[in-house]
Amino acid sequence: MKKEDIVKLVESDRFIPGIYNYCDRWCERCPQTMRCLNYSMIDKHCGPDAEKYDLTNEIFWQKLAEMLKLTMEMVRDTALEMGVDLDSMIDGPDAGATGPEAGKNVVHLIVHLAKHYADQIDVWFQRDPYGIETQSTKPHLHVLGSAEQQDEVSVRDAVEVIRWYQHQINVKLCRALDSAGKELDESIEEFPIDADGSAKVALIGIDRSISAWGVLLKLFPDSKADILEHIRLLQNLRTRVDSAFPKARSFARPGFVDN
Ligand code: SF4
């Protein structure tokens, strides 16, 4: 891109300042590429179809968000059937610590759970006993298969969502915890804080991953014990992050409507 084109872009008023600070960096799935200066500077695909792609992505994420409640109901029913307690809290490596160490426990546990989830998913997909990831590379494999239902979230979509957020959840939580320590020292209470913004991106990744696992749970009943375990980890993590960052859910991410 030429220097004058960059200057023109920077001066344009179509961009939302700082939109890329609290996004998930998944530009191919982003509903706001047209409002993102970063994207316009690095990507060649801001062509005539850009608006259509943004809208398609917006619809996709809305669909996944709407699925969360139903997914949790289905997951709870399945868990009950299998005698799995989804809400039982998972202990970390330093559970039972006392004194100052106990205060650090919550931090350790969040990082431990997020890392454990990411590793567990790698192992599971490597094993992939039911060929889920292999199947997901086939185009047009939709939840219920028929053309009329192609607007459903497909296996391919679900696997992509899980894979995208798998490690990012941990990265965002590490940043949130790191920022929380610094921001506490600086005492800037009246401003939205970076820790909440980063925790919110992690929470969005957790919620979307749970919905995506719900799609796989429905389609691959033979894997339900494993899938429930992945969801149990995410559910544990979600509860702990919500509790450690109570303002994260209401953090207003510039340019996104999930605020
Ligand atoms: S806001 Fe969207 S387009 Fe911009 S960097 Fe983030 S994900 Fe990519």
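Author: A definition first: helices are DSSP runs of H or I with at least four residues, numbered from the N terminus. The model is predicted.

The chain has eight helices and zero strands. Read along the sequence, the pattern is α-α-α-α-α-α-α-α. Of the 259 residues, 44% are buried. Among contacts with a separation of 6 or more, 73% join residues 24 or more positions apart.

Now the pair itself. Helix α7 covers residues 194-219, and helix α8 covers residues 224-244. Their axes come within 10 Å and cross at roughly 160°. An angle over 145 degrees counts as roughly antiparallel, so α7 is roughly antiparallel to α8. The crossing of α7 past α8 is left-handed.

Which residues make the contact? From α7 come A199, L203, I206, D207, S209, I210, W213, L216 and L217. From α8 come K224, I227, H230, I231, L234, Q235, L237, R238, V241 and D242. By class, this contact of α7 with α8 has twelve nonpolar, three polar and four charged residues.

Is R240 buried or exposed? Its relative accessibility is 15%. Buried means under 20%, so R240 counts as buried. Leaving out residues up to four places away in sequence, R240 touches M89, I90, L109, I110 and L113.

Another arginine, R25, sits elsewhere. R25 is found in the loop between α1 (3-11) and α2 (37-42). R25 is partly exposed, with a relative accessible area of 45%. The phi of R25 is near 65°, a positive value in a residue other than glycine.

R25 also belongs to the ligand shell. By class, the shell divides into seven nonpolar, one polar and one charged.

How values were computed
Residues are numbered from 1 along each chain as its sequence is written. This is a predicted model: local features need pLDDT of at least 70, side-chain atom pairs count only at pLDDT 80 or more; totals for chains, interfaces and linings use all residues. Side-chain values use heavy atoms; hydrogens and water are left out. A residue is near a molecule or strand if one of its heavy atoms lies within 4 Å of it. Ala, Val, Leu, Ile, Met, Phe, Trp, Tyr, Cys and Pro count as nonpolar, Asp, Glu, Lys and Arg as charged, and the others, Gly among them, as polar. Axes are lines fitted to C-alpha atoms, for helices over the stretch in contact, and angles run from 0 to 180 degrees between N-to-C directions. Helices (H or I, at least four residues) and strands (E, at least two) are DSSP runs, numbered from the N terminus. Angles under 35 degrees count as roughly parallel, over 145 as roughly antiparallel, 65 to 115 as roughly perpendicular and the rest as oblique. A crossing is left-handed if the near helix is turned anticlockwise from the far one by less than a right angle, and right-handed if clockwise. Contact means heavy atoms within 4.5 Å. Buried means under 20% relative accessible area, exposed over 50%, partly exposed in between (1.4 Å probe, protein chains only).
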